[in-house]
Amino acid sequence: MIKKQKDDIREEYREKRRNMNAEERFKRDSAICNAAIGLVSFRYAEYVLLYAPTAEEIDVMPIARAALEKGKTVLFPRCDKKTHTMTYHSVKSLDELVIDSYGIAEPPETNPIYDPSEIGAAVCFVPGLVYDKAGYRLGYGKGFYDRYLSGFSGCTIGIVYSDYILPVVPRGRFDVTVDILLTEKGVRVTKDDKKTRSGKG
């Protein structure tokens, strides 16, 4: 039942995003990136975990470029399609990202892997098709981020358009929350008495 509900919402909002014109998307994406760069959590972060956006995702590459310019350690995920797990690898330049067989840009496997136990402030920008007000997300249904974030103790920021935040999304037992939501209209701190991420409950 939950899977069917999630799939219906995914299809609705994927279609909605596909129908958004390029100018509107650029305007919204730019506003989100400018807001991200102004966040205290970004300003003081030593490690910035990002994602290489697909055509359907919000473009966060301006955040990556700003982080590199400020001398921060910038990391992108590599996904293991068999285990549905991922590791973050650092890059010195966005030119290091290479398109994989699924059309997703990833860092080289040989690049240094981020260890979440490293001392130093870290912030992770998390993509999602939609979020709810408590910080739960609907991604593409593979569970990569839920698995990774369950062991991540840094600040997590959900990247989402303001009209893609629902009152509640269907939740499974392994779904996790983000700490704040960042939209083109600003920041929303998530509130939930049943936070499911380690160290955040």
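This is a predicted model: local features need pLDDT of at least 70, side-chain atom pairs count only at pLDDT 80 or more; totals for chains, interfaces and linings use all residues.

Student: How do S6 and strand S9 pair, and over how many bridges?

Tutor: Strand S9 covers residues 155-159, and it pairs with S6 in the parallel sense over five bridges.

Student: Which strand do three bridges join to S6?

Tutor: That is strand S1, residues 47-49, which runs parallel to S6. Within this pairing, Val123 in S6 stands opposite Val48.

Student: Why is S6 described as largely enclosed by the rest of the structure?

Tutor: Strand S6 spans residues 122-127, and six of its six residues are buried, so the rest of the structure largely encloses it. A residue counts as buried when its relative accessible area is under 20%.

Student: Which residues point one way from S6, and which the other way?

Tutor: Ala122, Cys124 and Val126 point one way, while Val123, Phe125 and Pro127 point the other way; all are buried.

Student: New topic. Where is His89?

Tutor: His89 lies in strand S3, which comprises residues 85-91.

Student: Is His89 buried or exposed?

Tutor: His89 is buried, because its relative accessibility is 2%.

Student: What does the side chain of His89 reach?

Tutor: It reaches the backbone oxygen of Asn111, at 2.8 Å.

Student: Which residues is His89 in contact with, leaving aside neighbours within four places in sequence?

Tutor: Those contacts include Val74, Leu75, Phe76 and Arg78, and also Pro107, Pro108 and Glu109. Asn111 is again among them, together with Pro112 and Ile113.

How values were computed
Residues are numbered from 1 along each chain as its sequence is written. Side-chain values use heavy atoms; hydrogens and water are left out. Helices (H or I, at least four residues) and strands (E, at least two) are DSSP runs, numbered from the N terminus. Buried means under 20% relative accessible area, exposed over 50%, partly exposed in between (1.4 Å probe, protein chains only). A polar contact is a pair of N or O atoms within 3.5 Å; within protein, one must be able to donate a hydrogen and the other to accept it, and residues adjacent in sequence count only if both atoms are side-chain atoms. Contact means heavy atoms within 4.5 Å. Two strands pair if DSSP finds at least two bridges between them.
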